[in-house]
Amino acid sequence: MGDYLIRVLPKKFNFRAFGVCLTQAVDEARRLQNLSPVATAALGRALAGVALLSADLKFGKVFMQIKGDGPLKEILAEANHEGHLRGLVRNPQVDLPPKNKKLPVGLAVGQKGFINIIRDYGLKEPYQGSIALVSGEIAEDLAYYLTVSEQVPSACALGVLVDVDGKVLQAGGYLIQKLPEATEEEISYLEEKLRNYPPLTTQLQAGKSIEEILTELLGEIEILEKRALYYKCTCSLERVEETLLALGEKELTEVLAEGIPLMVTCNFCQKAYEVPIERVKELLKYLREKDHA
Ligand code: ZN
C-alpha cells in the first residue's frame, strides 16, 4: 500500500478529520537530500502537515514555511491537489542525538521563529497567514496556527519513525477540527481522549493504520475521500530559467562572463539542469529588451 490521505467524518461527533500515511514520500525526501535522522523527522512532519492541509484542495497547493532559531534554519514543504509533495530543510546534515529515544525536532527547529502557511487555490490572491512558533515540534505549532490564525479549533499529531540506519519506518499524521455545531461536551470529550492517548509514533510503531487510530479517537468514522500521495517535484527547465531571469541583468552578465554553462541543481529533488551559455545570452537579451521597452 502506497502513501495516502483520507478525509473523514466521525459518525457520532461534530468534528471533521484528516489522516495521512506518507512513509514512502518521507523516505524518498531523505534519500534524495541525504537527510540526517532529525532532519528527516522534521521534514517528514512538515510534509505530513501540508498534506493534511491539502485535503480540502480541489485545485492549487498549500505551502508551509517554518523558520526557527535552531540549526535546521528553515523548512519548506508543499502539497498540491494531485497529491504531489515536496519539501526541503535548509541545513539537511544537522545531527542531534535522540533524547529519551525521541529525535529532538523542537531543538533542531528552534522555539523562536514563525510558521507561515500559504493556501493557493489558483484563483485571485493566495490566502496567507503566519504565527510565532509555540514549540518547534511542528504539530503543536500547526494546531496553534489553525486555531488562532484561521480560527478553527484544531488538534494535530505528526509522527515520523526513523530506523537506526536512517531509513523511514513510518510517517503519518492526523488533524481533527471542530465543526461549528460541536458542543462543549464533545470538545471536552476529545480533549480528554487526546490527553490519555499514546504518542502517534508509538501507535504507528505498533502497526496501527491511520484509519484505526482515528477510529480509536473518534469512534465509527466515514471515509469521504482517499487520495494517493507521492513525493514528486514540480521543477522544470522552464522554472529554472524563470529563476535566472529573476536574478536580473547584473548577475546574468557575471554568469556570461565566466563563459561556462550554468549548472543549477534543484534543492527539492537534486535534479541537475544545464543551461548552455547560448541560452544565458538569450535570457540576458530578453531582460535588456524588456528593461528598455
Ligand atoms: Zn526538483
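This is a predicted model: local features need pLDDT of at least 70, side-chain atom pairs count only at pLDDT 80 or more; totals for chains, interfaces and linings use all residues.

Trainee: Which residues of helix α4 are buried?

Mentor: Buried means under 20% relative accessible area, exposed means over 50%, and partly exposed lies in between (1.4 Å probe, protein chains only). Helices (H or I, at least four residues) and strands (E, at least two) are DSSP runs, numbered from the N terminus. In α4, which covers residues 139–148, the buried residues are Ala139, Asp141, Leu142, Ala143, Tyr145 and Leu146. An α-helix has 3.6 residues a turn, so residues three or four places apart point the same way.

Trainee: How many helices and strands does the protein chain have?

Mentor: The protein chain has 10 helices and 13 strands. Its radius of gyration is 21 Å, close to the 19 Å that the globule rule gives for 293 residues, so the chain is as compact as a globular protein of that length. The radius is taken over C-alpha atoms, and the rule is 2.2 Å times the number of residues to the power 0.38. Of the 293 residues, 49% count as buried.

Trainee: What does the domain assignment of the protein chain give?

Mentor: Domain bounds come from an automatic or database domain assignment. Here that assignment gives domain 1 (4–231) and domain 2 (237–291). The centres of domain 1 and domain 2, taken over C-alpha atoms, are separated by 36 Å. Their contact (heavy atoms within 4.5 Å) takes 8 residues from domain 1 and 4 residues from domain 2.

Trainee: How many residues does the largest nonpolar core have?

Mentor: In soluble globular proteins, nonpolar side chains tend to be buried together. A nonpolar core is a set of buried Ala, Val, Leu, Ile, Met, Phe, Trp, Tyr and Cys residues joined through side-chain atoms within 4.5 Å. The largest one here has 61 residues, and those with the most contacts inside it are Leu22, Leu47, Leu72, Ile75, Val109 and Ile115. Helix α2 (residues 37–53) supplies its largest share, 12 residues. Domain 1 (4–231) and domain 2 (237–291) each contribute at least three residues to this core. Apart from it lies another core, of 22 residues, including Ala157, Ala182, Ile210 and Ile213.

Trainee: Is Leu5 buried or exposed?

Mentor: Leu5 has a relative accessible area of 2% and is therefore buried. Leu5 is found in strand β1 (residues 4–10). Not counting residues up to four places away in sequence, Leu5 touches Gly19, Val20 and Ala51, among others.

Trainee: Which protein donors does the zinc ion have?

Mentor: Donors are N, O and S atoms within 2.8 Å of the metal (3.2 Å for Na, K and Ca); water is not among the atoms, so sites may look incomplete. The zinc ion has the SG atoms of Cys233, Cys235, Cys266 and Cys269 as its protein donors, lying 2.2 to 2.3 Å from it. In sequence these donor residues are spaced C-x1-C-x30-C-x2-C. Cys233, in the loop between β11 (230–231) and α8 (237–247), and Cys269, in the loop between β12 (262–265) and β13 (272–275), link distant parts of the chain, 36 residues apart. Both Cys233 and Cys269 are buried.

Trainee: Why is the arrangement around the zinc ion called tetrahedral?

Mentor: Four donors count as tetrahedral if all angles lie between 85 and 135 degrees; four count as square planar and six as octahedral if opposite donors are over 155 degrees apart and all others between 65 and 115; anything else is irregular. Here the 4 donor atoms subtend angles of 104 to 114°, which makes the arrangement tetrahedral.

Trainee: Where is Lys124 placed, and what is its phi?

Mentor: Lys124 lies in the loop between β6 (113–120) and β7 (127–132). Its phi is positive, about 35°, although Lys124 is not a glycine. With a relative accessible area of 81%, Lys124 is exposed.

Definitions and conventions: Residues are numbered from 1 along each chain as its sequence is written. Side-chain values use heavy atoms; hydrogens and water are left out.
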